[in-house]
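Please work through the exercises below with the sequence and the structure at hand. Each one sets a task and then gives a solution in steps.

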Number of protein chains: 2
Amino acid sequence: MTDIGFLNDRFMSLEEVKISPDDRGFQFGDGVYEVVMVYEGKPCLLQEHLARLEHSAQGIRLTLPYTPAEWEQRILEGVKRCGYQHCKVYIQVTRGIVPRDHLFPGQCSPTIFMSFREMTPLDENLRQRGVKVITVPDIRWGRCDIKSLNLLPNVLGKQQAKEAGAFEAIFIREGVVTEGTSCNVMIVRSGVIHTPESNHHILEGVTRKILLDLAKKEGLSVCERTIKAKELFEVDEIFLAGTTIEVMPVVAIDEKPVGTGQPGPTSQQLSASYQDFLSRLV
Amino acid sequence: MTDIGFLNDRFMSLEEVKISPDDRGFQFGDGVYEVVMVYEGKPCLLQEHLARLEHSAQGIRLTLPYTPAEWEQRILEGVKRCGYQHCKVYIQVTRGIVPRDHLFPGQCSPTIFMSFREMTPLDENLRQRGVKVITVPDIRWGRCDIKSLNLLPNVLGKQQAKEAGAFEAIFIREGVVTEGTSCNVMIVRSGVIHTPESNHHILEGVTRKILLDLAKKEGLSVCERTIKAKELFEVDEIFLAGTTIEVMPVVAIDEKPVGTGQPGPTSQQLSASYQDFLSRLV
C-alpha cells in the first residue's frame with residue numbers, strides 16, 4: 001500500500017509528480033478541485049463530486065478533459081493501485097502551463113493532478129463531544145459556489161479558528177451566515193433544520209444535499225433560507241456538514257454555548273442516518 | 001542569454017524548476033508575488049517592490065525568508081546569470097510543501113521561486129493610440145491590497161476584456177471604481193488627476209505612487225478619493241498605471257469615447273515624465 005499520484009493521464013508514485021512553476025494553478029490559482037472519500041475501495045458519491053467539478057470548471061470557463069466515465073475509470077484504477085481500503089482522492093484541474101499572462105492561453109492542455117492517500121479517520125471524540133467554532137467576516141470573492149483553488153481566505157479563517165481554540169470558522173457576509181471555511185452550516189430551531197440557501201456565496205455541498213434528503217425522508221422539516229448571524233446565538237443546535245467531517249455537532253460558538261452545550265438530538269440523529277447511508281453505499 | 005530559474009536558494013535553468021503538487025501555492029494559492037522590470041541590468045524600483053512583498057506576506061501571515069538586502073543580492077545574481085539587458089523578474093513565495101490541510105503547517109519552509117526572463121516590450125502603438133477598456137463587477141475578495149496568488153477573478157476579468165476587443169477591465173465595486181485586473185486607474189477632470197484612495201480594495205501600485213509624486217512635482221493637482229463608476233463616463237482622460245504597462249491612455253470605455261477619443265495631454269505628459277524618471281534610474 002502506497003500513496004499514488006496521477007498527472008496528465010499517467011499514474012506514478014506521489015513523490016514523482018512534479019509541477020511546472022508556469023502552471024496556472026501555481027501562479028493564479030487558476031483551477032478547480034474535488035475531494036472524494038473512498039470507503040472499502042468504493043468512491044463515495046463520486047458522480048455527485050464529478051458533477052460539481054463540472055460546475056466549477058464551467059464557472060471558470062475551463063473544459064474538463066474527461067467525461068464522468070473516464071474520470072471514474074481512472075479513479076478506480078488509482079484506488080486499486082494505492083491499495084488502501086479507505087483512502088482520500090484529491091482531484092485538481094488547472095488551466096495548464098504557459099508563461100505567465102492573465103489571459104487564457106491559446107493552445108494549452110489543462111493539468112490534471114490526482115493523489116490517492118490513506119484516509120486519516122477523524123478523531124471520533126470530536127464528533128462525540130462536539131466542537132467549538134468562531135464567526136469571522138466573509139471576505140471571500142463573489143463566486144464561492146465554484147470550488148476553486150483561490151482558498152487564501154479559507155486558509156486564514158481556519159487558522160484563526162485554530163488559534164482561538166476552535167475547530168472551524170463560520171463566515172458571516174453582511175450579517176448573514178454563509179458557510180464554514182471547508183463545510184456547510186446547519187442550525188436546528190424547534191426541531192426544524194435550517195441552512196443557508198444555495199447561491200453564489202456558498203458551495204453546494206455534496207454532504208449538505210444528502211443530509212437534507214435524509215432529513216426529509218425521516219420526516220424532519222428542512223428550510224433553506226437566509227440565516228442572520230445573530231440567529232446562531234438563539235438556536236437549539238448547530239452542526240457542520242462536509243465530505244471529510246460528515247456531521248459535526250457544534251457545542252460552542254464565539255465562546256458561548258449552543259443549546260445545552262452538548263451535541264443535540266437532531267445532529268446525532270442525522271449523523272447516525274448519514275453513517276447508515278454510507279454503509280449502504282459500500 | 002537564457003531564461004533562469006531560482007528555487008529555494010538555488011539557481012538553475014527555468015526548465016529544471018519543478019514544484020511539488022503539495023505546494024500550498026498550487027493547492028490554495030497560499031502565497032504572494034511581485035514582478036520587477038530590469039532595464040539595462042538594473043532592477044527598477046526594487047526596494048518599493050520588496051517593501052510591498054513584505055506587506056503582502058504580512059497580510060497572509062507569512063514570514064519572508066530573506067531581508068531586502070538578501071533578496072537584492074539574489075536578484076542581481078539572477079539578472080547577471082540570464083544575461084538579458086532588459087528582463088522581467090517574477091518573485092513568488094508560498095507557505096511551503098505539506099500534505100493538504102487548510103491550517104498553516106507547523107514545521108515547513110516557504111517555497112521561494114523566481115524566474116528571470118527576457119522582457120517583451122509592450123507594443124508602442126498601444127501607448128500612442130491608447131486602448132479600450134470595459135467595466136466589470138469587482139467580485140474579488142476583501143484584501144486586494146495583498147498581492148496574492150488568488151487571481152482567478154483577475155484572470156476572468158482580463159479574458160472578458162479581451163473577448164470584448166478591449167485591453168483591460170476596470171473593476172467596479174458597489175458603484176465605485178477600484179482598479180484594473182492588473183493595474184491602477186487614474187482619471188483627469190479639468191486638469192486634476194483623481195485616483196481611488198488606498199484601501200483594502202486596491203493594490204497600492206508602485207507605478208501609481210511614482211506617478212502621483214511626479215505629477216505633484218510638475219505642479220499638477222492630485223486627488224486620492226472615492227471615484228464613482230459613472231464618473232468614468234464624464235472625464236477628460238483616463239489612464240492605467242502599472243509596472244509593465246507604465247502609463248497607458250484609455251480612449252474608450254464600454255465602447256464610449258473618453259474625452260476626445262484620443263490620448264489626452266495629461267496622460268502624455270505623465271507618460272513622458274515616467275520615461276524620463278526610468279531613464280534616470282539606469
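This is a predicted model: local features need pLDDT of at least 70, side-chain atom pairs count only at pLDDT 80 or more; totals for chains, interfaces and linings use all residues.

Residues are numbered from 1 along each chain as its sequence is written, chains are lettered from A in the order in which they are written, and side-chain values use heavy atoms, with hydrogens and water left out.

**Exercise 1. Determine how chain A can be laid on chain B.**

Solution. Begin with the superposition, done by least squares on the C-alpha atoms of residues with pLDDT of at least 70 in both copies.

**Exercise 2. Describe the interface of chain A and chain B by its contacts, its area and its salt bridges.**

Solution. Start with contact, meaning heavy atoms within 4.5 Å: 52 residues of chain A are in contact with 52 residues of chain B. Because 100% of the interface residues of chain A are also interface residues in chain B, the copies meet through the same surface.

Next, take the buried area, which is the accessible area (1.4 Å probe) that two parts lose on being put together, summed over both. Between chain A and chain B this area is about 4,400 Å², and carbon and sulfur atoms give 65% of it. In chain A, the residues that lose the most area to chain B are Phe26(A), His102(A) and Leu152(A), together 17% of what that side buries.

Finally, look for salt bridges (a side-chain nitrogen of Lys or Arg within 4 Å of a carboxyl oxygen of Asp or Glu). The rule finds four across the interface, and Arg61(A) forms a salt bridge with Glu163(B), with the closest N and O atoms 2.8 Å apart.

**Exercise 3. Decide whether Phe6(B) is buried or exposed, and list its contacts.**

Solution. Buried means under 20% relative accessible area and exposed over 50%, with partly exposed in between (1.4 Å probe, protein chains only). Phe6(B) has 1% relative accessibility and therefore counts as buried. Leaving aside neighbours within four places in sequence, the contacts of Phe6(B) include Phe11(B), Val17(B), Tyr66(B), Ile112(B) and Met114(B).
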